[in-house]
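User: Please take me through the packing of this model by question and answer, with cut-offs stated as the terms come up.

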Amino acid sequence: ETRANVRPRSQSPKVDTSKNYHVFVGDLSTEVNNCTLKAAFESFGEISEAKVIRDPQTLKSKGYGFVSFPVKENAQKAIEEMNGQMIGRRQIRTNWAVRRFDGGEENAMKPPTYDNIFNATHAANTSVYVGGISPVTTDEELMQSFSAIATVIEVRLFKQQGYAFVRYLNKDAAARAIMSMNGKVINGQKIRCSWSRTAMDNNDLVLCTCSSKFSINVKLMCRKEQRLNKA
């Protein structure tokens, strides 16, 4: 009887990243894999490891991952510039990763400070991206919830996609809203807040006072209507 000698598959040596600087990447869409994640961060310098965390039974993505950098400055720059960027179909969240004391997965995030949030975008940004919105939530409910932080200029709700944009008078108010509203539950669903990457044109918006307690923005459909409202 002849037996074939079967050699075990060679495995690439595991990289020791214990002394590296780890970036937590949250809100990953399901199609993002290790290669996609690494490619998104490669412009910031050498990456020792990029890993999407998956359920050990189903192998489905848990919606977050980690990117490890040998150089701290590169990791810091990646956190600052990638927070709120699109990877796949969703805006991601980035922060320093924190290893749990019980030896579990490295999936805890340090709560971002006001300065972290405020400095994560350009000076003129006053708009907040709100994800994870329940299908039954209305723009009036969002207006009411976010007006508790400061005066809201506009709420733009994309109900079918489950997200919205909330615009404030200034960047400080928007930063405070992100800090206070992220993770809040509205209509039984936890929302996610980060800086918006969508520019809002101030020229085609006016404020009107409605019979309800909310100030709701109305987008004018033509210049003629704009002139009439300004008169």
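User: Are F41 and F44 buried or exposed?

Analyst: This is a predicted model, in which local features need pLDDT of at least 70 and side-chain atom pairs count only at pLDDT 80 or more, while totals for chains, interfaces and linings use all residues. Residues are numbered from 1 along each chain as its sequence is written, and side-chain values use heavy atoms, with hydrogens and water left out. Buried stands for under 20% relative accessible area, exposed for over 50%, and partly exposed for what lies in between, with a 1.4 Å probe and protein chains only. On that scale, both F41 and F44 are buried.

User: Why is the ring pair of F41 and F44 classed as it is?

Analyst: Rings of Phe, Tyr and Trp (its six-membered ring) pair if their centres lie within 6.5 Å, and planes under 30 degrees apart count as stacked, over 60 as edge-to-face and the rest as tilted. The centres of F41 and F44 are 6.4 Å apart and their planes stand at 50°, so the pair is tilted.

User: How many aromatic pairs does the structure hold, and which residues do ring pairs link into a cluster?

Analyst: The structure holds 10 aromatic pairs. Ring pairs join these residues into a cluster: Y129, F158, Y163 and F165.

User: Which residues of the largest nonpolar core touch the most other members?

Analyst: A nonpolar core is a set of buried Ala, Val, Leu, Ile, Met, Phe, Trp, Tyr and Cys residues joined through side-chain atoms within 4.5 Å. The largest such core has 24 residues, and those touching the most other members are V128, V130, F146, V166, Y168 and C193.

User: Which element gives the most to this core?

Analyst: Helices (H or I, at least four residues) and strands (E, at least two) are DSSP runs, numbered from the N terminus. Elements giving two or more residues to the core include β8 (127-131), α4 (139-147) and α5 (171-181). With 6 residues, the element that gives the most is α5.

User: Leaving aside neighbours within four places in sequence, which residues is F146 in contact with?

Analyst: Contact requires heavy atoms within 4.5 Å. Once neighbours within four places in sequence are set aside, F146 is in contact with V130, V152, V166, Y168, A177, M181, I191 and C193.

User: What is the relative accessible area of D27?

Analyst: D27 lies in the loop between β1 (21-26) and α1 (34-41), and its phi is near 65°, a positive value in a residue other than glycine. D27 is buried, its relative accessible area being 9%.
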